[in-house]
Amino acid sequence: MIKKSVVEEAEQIQLAIELIRLGARLQMLESQTTLSRERLIKLYKELKGVSPPKGMLPFSTDWFLTWQPNIHSSIFLNIYNFLVEYADLKGIHAVMKAYKIYLEQVGKDAQDEPVLSLTRAWTLVRFVESRMLKLVPCTCCTGNFVVNAYDLNQNYQCGICHIPSRAGKTKLAKEALEKSLAVNA
Ligand SMILES: [Zn+2]
């Protein structure tokens with residue numbers, strides 16, 4: 001075991017506590033702190049009253065591109081980029097701070113099952129760092145949204161400006177209903 005100073009260890013425990021409170025999964029805790037798996041499990045149980053969920057993180061880039069997750073992921077990533085650029089934050093501290101602001105923006109707390117979990121937010125940053133996902137501006141509203149970096153994203157329109165087909169179907173159904181009402185009037 002590597003010898004650590006007491007202060008250093010206290011900082012690592014503090015970081016782990018904050019991550020657990022924000023909803024981090026065990027794999028994320030192991031990757032972002034120097035604490036042993038056993039200690040992290042113990043800490044998790046103490047704070048949450050239950051064992052951490054088992055299993056690997058199932059995330060692929062696809063999830064971030066589906067309609068509602070894309071909007072939430074884009075909000076988070078814009079905040080994260082802003083903090084990295086202007087607030088001199090980096091790494092896990094930038095992820096945590098951006099995630100707290102994201103929760104405030106969507107009016108949720110970490111226990112409230114927000115659309116974007118902390119572990120997913122962290123995964124998103126890693127996908128962006130490995131250049132699989134990126135932000136591009138919507139040609140309609142000029143907001144920046146998460147897209148697949150390998151797609152052609154010319155004339156990109158976001159999910160808010162260009163509502164997906166299931167919403168379109170509802171609109172068509174509404175128009176059809178209005179037409180039939182007009183005929184009967
Ligand atoms: Zn837009």
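Student: What volume does the largest pocket have?

Tutor: About 360 Å³. Keep in mind that this is a predicted model.

Student: Which residues sit closest to the centre of the largest pocket?

Tutor: Gly23, Arg25, Ala110, Glu113 and Ser117, out of 18 lining residues.

Student: Which elements give two or more residues to that lining?

Tutor: They are α3 (37-48) and α6. The largest share, three residues, comes from α6.

Student: How does the lining of the largest pocket divide by class?

Tutor: Ten residues are nonpolar, four are polar and four are charged.

Student: Now the second largest pocket. What is its volume?

Tutor: The second largest pocket has about 200 Å³. It is lined by 16 residues, and Leu65, Asn70, Val146, Tyr156 and Gly159 are the closest to its centre. Both α4 (67-86) and β2 (144-148) supply at least two lining residues each. By class, the lining of the second largest pocket has eight nonpolar residues, seven polar and one charged.

Student: Let's turn to helix packing. What describes two packed helices?

Tutor: Two values do: the angle between the axes and the distance between them. Take α4 and α5. Their axes cross at roughly 130 degrees and come within 9 Å. The angle therefore makes α4 oblique to α5.

Student: Which hand does the crossing of α4 and α5 have, left or right?

Tutor: The crossing of α4 and α5 is right-handed.

Student: Which residues of α4 and α5 meet?

Tutor: From α4, look at His72, Ile75, Phe76, Ile79, Tyr80, Leu83 and Val84. They meet α5 residues including Gly91, Ala94, Val95, Ala98, Tyr99 and Tyr102. Lys97 and Gln105 of α5 are also among the contact residues. By class, this contact of α4 with α5 has 13 nonpolar residues, three polar and one charged.

Student: How do α5 and α6 pack?

Tutor: Helix α5 (residues 91-106) packs on helix α6 (residues 118-129) at an angle of about 130 degrees, and the axes lie 10 Å apart. So α5 is oblique to α6. The crossing of α5 past α6 is right-handed.

Student: Which residues make the contact of α5 with α6?

Tutor: Ile92, Val95 and Tyr99 come from α5. Leu118, Ala121, Trp122 and Val125 come from α6. By class, the contact of α5 with α6 has seven nonpolar residues, no polar and no charged ones.

Conventions. Residues numbered from 1 in each chain as written. Predicted model: local features only at pLDDT ≥ 70, side-chain atom pairs only at ≥ 80, totals over all residues. Heavy atoms only, no water. Axes fitted to C-alpha atoms, helices over the stretch in contact; angles between N-to-C directions. Helix = DSSP H or I, 4+ residues; strand = E, 2+ residues; numbered from the N terminus. Parallel < 35°, antiparallel > 145°, perpendicular 65-115°, else oblique. Left-handed = near helix turned anticlockwise from the far one by under 90°. Contact = heavy atoms within 4.5 Å. Nonpolar A, V, L, I, M, F, W, Y, C, P; charged D, E, K, R; others polar. 1 Å grid on protein atoms, 1.4 Å probe; cavity = no way out; pocket = protein on both sides within 12 Å on 5 of 7 lines; lining within 4 Å. Points joined across faces, edges and corners; volume = space filled by probe spheres on them.
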